[in-house]
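Biologist: I would like to learn how to read a few features of a structure that is new to me. Could you take me through them one at a time?

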Amino acid sequence: MINHIDLSTVLRRTVCDLYSDLVTRPTGAAVRDGIEKQLSELGDRSLTVIDFSHVGLLDYSCADEIVAKLLMRYADDSAPRDAYFLFRGVSDSHLDAIETVLERHGLAIVAQADDGSVMLVGTLDDPERRAWEAMNKLGRSMSADLAREAGIAPEQVERVLGALCKRRLAMELDGGYVAVGAVT
Amino acid sequence: MTTVINLPPSLDEKTFEVVLEQLAPVPIDEKVLLDGRHTRWASPYGLTALLTVAQTRAEKPALVAPEAEETGSYWARTGFFKYAEELFEMHGTVHRARASGESDVLLEITPVAKSEDVHEVVGRIQQKSSAILVKELNIDAKATMGFAMTLSEACQNIVEHAGRGGWVAVQTYRWQKRLGRRVVVIAVCDAGVGFRQSLESAQGRRMSDRWDDGMALEEAVIRGVSRFRDPGRGQGLAGVRRYIGRWDGKLSVRSGTARIAIVPSWDEDVPLEEKLPPFPGAQMQITIPERITDR
C-alpha cells in the first residue's frame, strides 16, 4: 500500500498552522511523531511518500529529527512495522541538510525528482549502489539476475540485497527484489 | 557604591573585551553604570552582548545612552532600547524607533528563548534578506536558504543549551577598514551556562586534565561534541562552519574565559584566545563578506 504524507500539512497540524519552515529539534520531533501516528494506521507493510514540496526551509536539526531518526527507527530490528520511504519534492537546500545528516549516521534514502526519476542520497558502499541501480533498471528481479547486472559475485549478492532491504532502500516482493521508487 | 564602566567609542566584538575587563572585578551584586555617552558606533554583537551584561547582574545596572543623535537613532532602529529599557535603568536620551523604508538592519534585536522564537526569526529573515544577500553581497540566490539555516542553528544553541534566553541581530554594513567590502553579520548572544558547563552536564562524560573553556569550545565548535548522547547532535555548529567555509566567512564564539574563531584569509584574528575576563554564556558572531566576482 502506498501512502502519501505532505510534511507541510503535518507541520501545520502538529506544531502551528502558520509555519512553513521545518526548523528546530522540537518541531522535527513533533513532525516525526505525526508521521509515525499515520504509519501506525497502515498495515504491517507500507511504502510512504514523504513529500517536502511545500516545505520552505529545512535545517540540520529538523532533518536529523525527521529523516535520520525515522530511518533509524524503521531500519532497526525492533521496528514496529515493515515501512519504506520515498522522499519527494526535495529542493537543493533541503538536500544540503538531508545529505549532511545521512552522512553523519551512515544512512541513505531514495529521493524522487520532479520528472519521476529516482536517485540514492547518502552513504552506500559500491556493491550496494550497483545492486540498487541494477534493481532500479530491471524492475522486480531475482537475485541471480541482479548479481549478473550489477557485477556482484553470486555468493555475495544475497548479503548485499539483504542490507539494502534492511536499510529501507529495497524490498522483497513475491520472491524477488524491487527498488524503493520503482514501485510507485 | 556604583562602579562606572566606560563603553568604548566603537563597540564591537573586539572592543567589548574592554567592557568585560572593567566588569570582571565588580561583584555581581554591586551596582554598575555603563557609560555609553561617547559611543559612536556599535555592531550587532556589541548591542546584543550589552543586553546580556544586564542579565548577569543581581542589581539592575544603569546605562547612559549615546549622546550622538545619529548613534542613538541607530540603536533605536535596531530595537536595542526596547529591551534595554526593561533591563537597565536608562539615562540620557532614549530615542524612539521611527518607521523607515530602506534599512541595513536585516533583523532587529530579537529575543530567543524557545523553539517558536527561532521560527519567528527564520520567517522574518527570509522575507528581508534574500534580495540584499543577492544584490549587495553577490551571494548566490540558492545560498540565501543556507543563510537562514545558519541563523536557525545559531539561535538553537540558545534554546538547547543556554538555559536562559538571549538575543539575535543581523545587519549588513560596509567594512571599509579591514575588508573594503560589505558584510552581513549575525550576532547571537546569551548569558546562560556556556559551553564548558553545558558539556560538563553530559552524563558519564570524562574530563581531561586540561579541561577548561578553551577546550570546551574546541570540542563543541571544531569537533561537534554536544552534551546530548544522541549521535545526531552537534550538527548545528558543524553546519554553520560548513556555510561560512563555503562563503569565505568568519565564525567566532566566546564562552567563559575563551574565544575560538574560524578565521578566513581576509582576517588576522587568532584561532583561540584564552584567559579572557570571565563572562557567562556564549556570544557568537558570524560574518559573511560580499563575494568578489570576476567581471
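**Reading loops, helices and rings**

Modeller: Let us begin with a loop, the one between β12 and β13 (279-289) of chain B, where B:Lys275 lies. Please keep in mind throughout that this is a predicted model.

Biologist: What is the phi of B:Lys275, and is the residue buried or exposed?

Modeller: B:Lys275 has a positive phi of about 60°, although it is not a glycine, and with a relative accessible area of 79% it is exposed. In chain A, A:Arg168 also has a positive phi, of about 70°, and is not a glycine either. A:Arg168 is found in the loop between α7 (154-166) and β6 (170-173) of chain A, and at 9% relative accessibility it counts as buried, since the cut-off for that word is under 20%.

Biologist: How should I read two helices that pack together, and at what angle do α5 and α6 of chain B cross?

Modeller: Two packed helices are described by the angle between their axes and by the distance between those axes. In chain B, the axes of helix α5 (residues 115-137) and helix α6 (residues 143-162) come within 9 Å and cross at roughly 150°. Angles over 145 degrees count as roughly antiparallel, and α5(B) and α6(B) are therefore roughly antiparallel to each other. The crossing in which α5(B) passes α6(B) is right-handed.

Biologist: Which residues make the contact between α5(B) and α6(B)?

Modeller: On α5(B) they include B:Val118, B:Val122, B:Ile125 and B:Leu133, while on α6(B) B:Phe147, B:Leu151 and B:Cys155 are among them. The residues of this contact divide into twelve nonpolar, seven polar and no charged.

Biologist: And how do I read aromatic rings, and how many aromatic pairs does the structure hold?

Modeller: A pair of aromatic rings is described by the distance of the centres and the angle of the planes. Over all chains, the structure holds nine aromatic pairs. The rings of B:Phe16 and B:Tyr45 have their centres 6.3 Å apart and their planes at 85°, so this pair is edge-to-face. Because B:Phe16 lies in helix α1 (residues 16-23) of chain B and B:Tyr45 in helix α2 (residues 44-55) of chain B, the pair ties together parts that are 29 residues apart in sequence. B:Phe16 counts as buried at 1% relative accessibility, and B:Tyr45 counts as buried at 1% as well.

Biologist: Which residues do ring pairs link into a cluster?

Modeller: The cluster is formed by B:Trp75, B:Phe80 and B:Phe81, which ring pairs link.

How values were computed:
Residues are numbered from 1 along each chain as its sequence is written. Chains are lettered from A and ligands numbered from 1 in the order in which they are written. This is a predicted model: local features need pLDDT of at least 70, side-chain atom pairs count only at pLDDT 80 or more; totals for chains, interfaces and linings use all residues. Side-chain values use heavy atoms; hydrogens and water are left out. Axes are lines fitted to C-alpha atoms, for helices over the stretch in contact, and angles run from 0 to 180 degrees between N-to-C directions. Helices (H or I, at least four residues) and strands (E, at least two) are DSSP runs, numbered from the N terminus. Angles under 35 degrees count as roughly parallel, over 145 as roughly antiparallel, 65 to 115 as roughly perpendicular and the rest as oblique. A crossing is left-handed if the near helix is turned anticlockwise from the far one by less than a right angle, and right-handed if clockwise. Contact means heavy atoms within 4.5 Å. Ala, Val, Leu, Ile, Met, Phe, Trp, Tyr, Cys and Pro count as nonpolar, Asp, Glu, Lys and Arg as charged, and the others, Gly among them, as polar. Rings of Phe, Tyr and Trp (its six-membered ring) pair if their centres lie within 6.5 Å; planes under 30 degrees apart count as stacked, over 60 as edge-to-face and the rest as tilted. Buried means under 20% relative accessible area, exposed over 50%, partly exposed in between (1.4 Å probe, protein chains only).
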